[in-house]
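Subject: Structure handover and findings

Hello,

Please find the structure below, handed over for your own work. My notes on it come after.

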Amino acid sequence: MASRQSTVIIVPGENGRVMFGSIKAFISRAIEDANQRKHIEQRELLVATAALLIRVATVHSELSDLRRARLHAIFRSLDGLDDTATAQVLVDADAVARSAVDLYRFTRQLNESLDDDGRRRIVQLMWEIVYADQRVNEFEENAIWRAADLLGVSSRQRVELRQRVVAGIKNLAAVTA
């Protein structure tokens, strides 16, 4: 059995000021590194979400102007992104979506980062995107079904989320009429 040995480091300096400064700098760098990692992880999550939404929205055809505008509005409202940052997230996500061979690439990352409510919100966003131009086809429905299944969102919840989005569209149409 190996014994534990501890090492004592003695730092010369006036009343330990050198050592305190070194520790303070180390902690500052560690906090800065943690903040950078968190920022990178958040951005990767945004790109994965956007890529999944783009993939679902383009499963049958190119991204319509209405769907593109809805996608931009969704991401513009997240995390205080400005128009430039939102546009860059969507450009990056489009490239990722075009290179992906399946939905698992996105859903795995989302499953690791989101709780149940977050995953249901992603499914709701998928419905919002495909209903942006009020034309939903069987390919899009199937893609949402597969993505929801990979995200652990039940069929019942997926249908309820769709109904919620459709009801919201009808309410908006009634208000604006």
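This is a predicted model: local features need pLDDT of at least 70, side-chain atom pairs count only at pLDDT 80 or more; totals for chains, interfaces and linings use all residues.

Residues are numbered from 1 along each chain as its sequence is written, and side-chain values use heavy atoms, with hydrogens and water left out.

Overall

The protein chain has seven helices and zero strands. Helices (H or I, at least four residues) and strands (E, at least two) are DSSP runs, numbered from the N terminus. Of the 177 residues in the chain, 31% are buried; buried means under 20% relative accessible area, exposed over 50%, and partly exposed in between, with a 1.4 Å probe and protein chains only. The chain exposes about 11,800 Å², of which carbon and sulfur atoms supply 53%. Accessible areas come from the Shrake-Rupley method with a 1.4 Å probe, and for residues only the protein chains shown count as cover. Among contacts (heavy atoms within 4.5 Å) between residues at least 6 apart in sequence, 73% join residues at least 24 apart.

Core

In soluble globular proteins, nonpolar side chains tend to be buried together. The largest nonpolar core here has 41 residues, and Leu52, Val123 and Met126 have the most contacts inside it. Such a core is a set of buried Ala, Val, Leu, Ile, Met, Phe, Trp, Tyr and Cys residues joined through side-chain atoms within 4.5 Å. Two or more residues of this core come from each of α1, α2, α3, α4 (104–113), α5, α6 (138–150) and α7 (155–176). The largest share, 11 residues, is from α1. Leaving aside neighbours within four places in sequence, Met126 is in contact with Leu52, Leu53, Val56, Ile144, Ala147, Ala148 and Leu151.

Pockets

A 1 Å grid over the protein atoms alone was used: a cavity is a set of points where a 1.4 Å probe fits but cannot get out, a pocket is an open set with protein on both sides within 12 Å along at least five of seven lines, and lining residues have an atom within 4 Å of a point. Grid points are joined across faces, edges and corners, and a volume is the space filled by probe spheres set on the points.

The largest pocket holds about 270 Å³ of space. Its lining has 14 residues, with Leu45, Leu46, Thr49, Leu78 and Leu114 nearest the centre. The elements giving two or more residues to that lining are α1 (17–57), α2 (65–76) and α5 (116–130). By class, the lining has eight nonpolar, four polar and two charged residues. Ala, Val, Leu, Ile, Met, Phe, Trp, Tyr, Cys and Pro count as nonpolar, Asp, Glu, Lys and Arg as charged, and the others, Gly among them, as polar. Leu78 is in the loop between α2 and α3 and is partly exposed, at 30% relative accessible area. The C-alpha atoms of Leu78 and Leu46, 32 residues apart along the chain, are separated by 8.9 Å.

The second largest pocket holds about 170 Å³. Its lining includes Ile54, Leu71, His72 and Leu90, and divides into six nonpolar, two polar and four charged residues. Both α2 and α3 (83–99) supply at least two lining residues, and the largest share, five residues, comes from α3. Leu90 lies in α3 and counts as buried, because its relative accessibility is 13%. Beyond four places in sequence, Leu90 touches Ala50, Ile54, Leu71, His72 and Phe75.

Other residues

Arg67, in helix α2, is a charged residue and is buried, with a relative accessible area of 2%. Not counting residues up to four places away in sequence, Arg67 touches Ala57, Ile129, Val130, Ala132, Asp133, Arg135 and Glu140. Gln134 has a positive phi of about 60 degrees although it is not a glycine, and counts as exposed at 60% relative accessibility.

Regards
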